[in-house]
Amino acid sequence: MRVIPTESALEFVGRATWEALSGNPVSTTVFDNVHDVAHVKIAQQAKLVIIAPATANLLAKAAHGVADDLLTSTLLMARAPVVFAPAMHTEMWEHPATQQNVATLRERGALVVDPANGRLTGADSGPGRLPEAAALAQVCEVVLARGSVAADLVGVRVLVTAGGTREPLDPVRYLGNRSSGRQGWALAAAAVARGASVEIIAANVDLPDPAGCTVTRVSTADALLSAVLDRAHGVDVVVMAAAVADFRASNTAPTKIKKSDDGGVPHIELARTVDVLATLGSLPPPRPLLVGFAAETVPAGPELVALATSKLRKKNADLIVANSVGVDKGFESPINEATVVSTDGVEAEVPSASKAAVAVAVWDVVLPRLPRAGA
Ligand code: CTP
């Protein structure tokens with residue numbers, strides 16, 4: 001990894017820190033070690049260039065092809081995918097000059113991740129905050145998995161549900177599941193990396209917001225249902241990656257359920273929750289394209305495909321991403337595997353891979369099915 005700070009960046013973090021962390025020499029100018037021709041060498045070796053934070057000044061220089069230091073010269077040289085993560089005060093971000101520069105960079109094929117909305121320097125908050133490093137890393141992982149930033153989902157509005165719902169039994173206990181939200185996060189990051197506008201409904205996900213998405217956090221199946229129904233009409237595709245509880249307590253105890261002295265156990269009556277995917281599947285047309293998931297405890301193969309196909313038909317979904325879950329795969333793991341099924345049969349098979357790779361494969365299957373694909 002090579003770090004190329006600007007002179008201004010060194011006001012915040014010193015050269016020694018960058019050199020120690022990257023294990024490589026760090027310079028701001030093309031006139032250090034001229035025989036190395038650093039901007040050419042670094043650019044030619046790069047598989048990905050990420051500029052984070054990208055200031056308004058840097059975006060302006062990049063948009064106009066200015067090459068007056070090592071970073072901007074390397075940028076002009078680079079043919080690898082380029083990701084910009086702008087961070088600045090809201091007024092600077094919204095300024096027509098900055099917006100025009102961002103549009104120019106996007107037109108030229110760079111991925112410019114929208115900044116997060118949150119605390120800025122000083123007392124201000126608003127759009128302009130740098131997304132969390134882990135969230136940017138996730139976008140980069142997608143770009144590396146695809147080897148490009150081809151923005152084939154520009155203009156596509158995506159709603160992703162992620163995580164696992166919790167159904168309260170009493171004020172301190174709930175019925176829950178082991179879904180971490182990582183696959184939903186990866187699907188959202190992959191859609192952002194391909195230019196989509198992405199909203200997430202997250203059920204109990206303990207991860208920082210993915211870059212470039214708006215996130216609404218909910219807890220129960222009921223809350224997830226209303227959040228999804230509120231938004232479903234305004235989107236092109238809904239990806240139901242959340243593990244939604246099938247049962248909840250018929251009556252949530254208003255106070256903590258106590259042990260009885262006679263050694264007896266409480267009897268908790270359960271009621272069915274509403275099936276969100278099936279509800280969306282029963283909407284009259286035009287409804288969004290529906291991608292469901294099927295987490296099953298059978299291995300990948302014909303039985304998994306049969307279970308997925310039956311779920312697809314029952315819920316009237318367009319695609320089902322089936323995966324085999326167990327103690328060490330699927331839930332809470334960075335690794336997943338998936339078989340994507342439509343009414344026509346198996347559309348894609350992703351053997352054990354990163355959740356980013358699974359996400360990329362899912363979007364590849366979704367893309368030609370979107371009404372605006374190829375428009
Ligand atoms: N799902 C949903 N609402 C529910 C339960 C599930 O929208 N109340 C969605 C999930 O988000 C997923 C798909 O339905 O996209 C399949 O979920 P899964 O738990 O695998 O299947 P179930 O329908 O719950 O069937 P079972 O648990 O019996 O396998």
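Residues are numbered from 1 along each chain as its sequence is written, and side-chain values rest on heavy atoms, with hydrogens and water left out. Because the model is predicted, local features require pLDDT of at least 70 and side-chain atom pairs count only at pLDDT 80 or more, whereas totals for chains, interfaces and linings use all residues.

The secondary structure of the chain comprises 12 helices and 17 strands, where helices (H or I, at least four residues) and strands (E, at least two) are DSSP runs numbered from the N terminus. Along the principal axes, the C-alpha atoms occupy a box of roughly 80 × 50 × 40 Å. Of the 375 residues, 46% count as buried; buried denotes under 20% relative accessible area, exposed over 50%, and partly exposed the range in between (1.4 Å probe, protein chains only).

The ligand is surrounded by 16 residues, of which the closest are Met240, Ala242, Phe293, Lys311 and Lys315; a residue is near a molecule if one of its heavy atoms lies within 4 Å of it. By class, this shell holds 10 nonpolar, 2 polar and 4 charged residues, with Ala, Val, Leu, Ile, Met, Phe, Trp, Tyr, Cys and Pro counted as nonpolar, Asp, Glu, Lys and Arg as charged, and the others, Gly among them, as polar. Helix α10 (276–281), strand β14 (289–296) and helix α11 (302–315) each supply at least two residues of the shell, and β14 gives the most, with 4 residues.

A backbone N or O atom of Val276 lies 3.0 Å from a ligand nitrogen atom, and a backbone N or O atom of Phe293 lies 2.8 Å from a ligand oxygen atom. A polar backbone atom of Ala295 is 3.5 Å from an oxygen atom of the ligand. On its own the ligand has 570 Å² of accessible area, of which the protein covers 76% (Shrake-Rupley method, 1.4 Å probe).

Two cis peptide bonds were examined. One joins Ala52 and Pro53, with omega about -5 degrees, and Pro53 belongs to strand β1 (residues 49–54). Another runs from Pro285 to Pro286, with omega near 0 degrees; Pro286 is placed in the loop between α10 and β14. Most residues other than glycine have a negative phi, and most peptide bonds are trans. Val37, in the loop between α1 and α2 (38–45), has a positive phi of about 45 degrees and is partly exposed at 38% relative accessible area. Asn204, in the loop between β9 (197–203) and β10 (213–218), has phi near 55 degrees and is partly exposed at 23%.

Ser342 in strand β16 is buried, with a relative accessible area of 3%. The side chain of Ser342 makes a polar contact with that of Glu347 at 2.5 Å; such a contact is a pair of N or O atoms within 3.5 Å, and within protein one must be able to donate a hydrogen and the other to accept it, residues adjacent in sequence counting only if both atoms are side-chain atoms. Thr343, in the loop between β16 (335–342) and β17 (345–354), is exposed at 53%.
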